[in-house]
Amino acid sequence: MCGIVGGINISIENLEKMQNALIHRGPDSGGNLIDKNILLGHRRLAIQDIDNGIQPLSISSYSIVFNGEIYNHQKIRKNFLSNVDFKTSSDTETLIYLYANFREKMFDMIDGMFSFCIHDKKRNKLIIARDRAGKKPLYFFNDCEKFIFSSELNSIKNAIPEIKINNDAISFYLRCGFMFKDYTPYKNIKSVKPGYWYNVDIETLNISRYKYFDIKRNYKNKSQSTFNEKLNYVDHILHKSIKNRLISSDLEVGAFLSGGIDSSLVVAVASDYKKNLKTFTVK
């Protein structure tokens, strides 16, 4: 778990306030980047390439801050970026080269959980994005004068102490038990929607939103396979997913056992690929 912050037309003091609010997400290190009116900040929990995976990371005219893990990043390097001379083994560097070479088509290639911001100097844009399921959080504030993003709401609130409560959003939450669409408890702060990427124009602060994943697409074409074929396919995907998560980390991997069938199944499959897996139960 890492934390990302940044924005357009904000002060370094406010960037540092937001970063300090995310130290619990990234206790290992922190860094920031200033390029004219663009500020990017990061708090790191080191998982991949412990020594060299420091952020923000810049190559050519692109800079990135990234929270998450890309499980297939080694395959991406082999299949799509074989001509790149990588300086690290981190998935952060894989992501930024993937964007540099494929732009928004990159989202079709990524298997992972993520939220990130890429500063594209050539097109004078910020690209912010969130994974398909929304496992990694990302919020943004825009009042047409400044744009701010962060992994947590309280981090943004540190930079805008005068932010007002969105009573309509709170009322909806109390009635329904969830936030309406991309609303948050605060005015002018929204959540980046899962499966979307956003194009932020640095000059005008206009935001365009694009959907790259929609789960409904998977139900449009009826399957002609038999029950046993489907069963074997699900088993194959489950094994592949768990194996990828075990081998993608440079640190030791463990598992929580809740007592339910899902966590027990995950550990049962994981034990095929990692012996003496450490498990934890909390009561």
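Which residue of S6 does Ile64 stand opposite? The legends below take up this pairing and its surroundings in a predicted model.

**Figure 1. Close-up of strands S5 and S6, which pair in the antiparallel sense.** Ile64 stands opposite Ile118 in S6, and this pair belongs to a strand pairing that extends over nine bridges. Strand S5, made up of residues 62-70, is mostly covered, with eight of its nine residues buried. Strand S6 spans residues 112-120.

Figure 2. Strand S4, residues 57-59, is joined to S5 by three bridges, and the two strands run antiparallel. Within this pairing, Ile59 stands opposite Tyr62 in S5.

**Figure 3. Close-up of strand S7 with its partners S6 and S11.** Strand S7 covers residues 125-130, and six of its six residues are buried. Lys125, Ile127 and Ala129 point one way from the strand, while Leu126, Ile128 and Arg130 point the other way, and all of them are buried. Six bridges join S6 to S7 in an antiparallel arrangement, in which Leu126 of S7 is the bridge partner of His119. The hairpin of S6 and S7 has four residues between its strands, and Asn124, located in the turn, takes a positive phi of about 55°. S7 is also joined by five bridges to strand S11, residues 196-201, which again runs antiparallel to S7; here Ile127 stands opposite Asn199 in S11.

**Figure 4. Close-up of the open sheet with the strand order S4-S5-S6-S7-S11-S12.** The six strands of this sheet are paired in the antiparallel sense. Its edges are formed by S4 (57-59) and by strand S12 (207-211), each of which pairs on one side only. From one strand to the next, the twist averages 20°. Helix H3, residues 91-102, lies across S4, S5, S6 and S7, and runs at about 125° to S5.

**Figure 5. Close-up of the open sheet with the strand order S2-S3-S1-S9-S8-S10.** Six strands make up this sheet, and their pairing is antiparallel. The edge strands are S2 (29-35) and S10 (189-191), each pairing on one side only. Neighbouring strands are turned against each other by 15° on average when direction is ignored. Helix H1, residues 12-20, lies across S1 (3-8), S2, S3 and S9 (147-150), and runs at about 20° to S3.

Figure 6. His42 counts as buried because its relative accessibility is 0%. A polar atom of the His42 side chain lies 3.1 Å from the backbone oxygen of Phe66. When neighbours within four places in sequence are left aside, the residues in contact with His42 are Cys2, Gly3, Ile4, Gln19, Ser29, Gly30, Gly31, Gln55, Pro56, Val65 and Phe66.

**Figure 7. Close-up of the contact between helices H6 and H7.** The axes of H6 (residues 227-247) and H7 (residues 261-270) come within 9 Å and cross at roughly 70°. The two helices are therefore roughly perpendicular to each other. On the H6 side, the contact is made by Leu238, His239, Ile242 and Leu246, and on the H7 side by Leu265, Val266, Val269 and Ala270. Sorted by class, the residues of this contact are seven nonpolar and one polar, with no charged residues.

**Figure 8. Close-up of the two ends of helix H5.** At the start of H5, which comprises residues 167-176, a side-chain oxygen of Asn166 reaches to within 3.2 Å of the backbone nitrogen of Asp168. Just after the helix, Gly177 takes a positive phi of about 90°.

Note on methods. Residues are numbered from 1 along each chain as its sequence is written. This is a predicted model: local features need pLDDT of at least 70, side-chain atom pairs count only at pLDDT 80 or more; totals for chains, interfaces and linings use all residues. Side-chain values use heavy atoms; hydrogens and water are left out. Buried means under 20% relative accessible area, exposed over 50%, partly exposed in between (1.4 Å probe, protein chains only). Two strands pair if DSSP finds at least two bridges between them. Axes are lines fitted to C-alpha atoms, for helices over the stretch in contact, and angles run from 0 to 180 degrees between N-to-C directions. Angles under 35 degrees count as roughly parallel, over 145 as roughly antiparallel, 65 to 115 as roughly perpendicular and the rest as oblique. Contact means heavy atoms within 4.5 Å. Ala, Val, Leu, Ile, Met, Phe, Trp, Tyr, Cys and Pro count as nonpolar, Asp, Glu, Lys and Arg as charged, and the others, Gly among them, as polar. A polar contact is a pair of N or O atoms within 3.5 Å; within protein, one must be able to donate a hydrogen and the other to accept it, and residues adjacent in sequence count only if both atoms are side-chain atoms.
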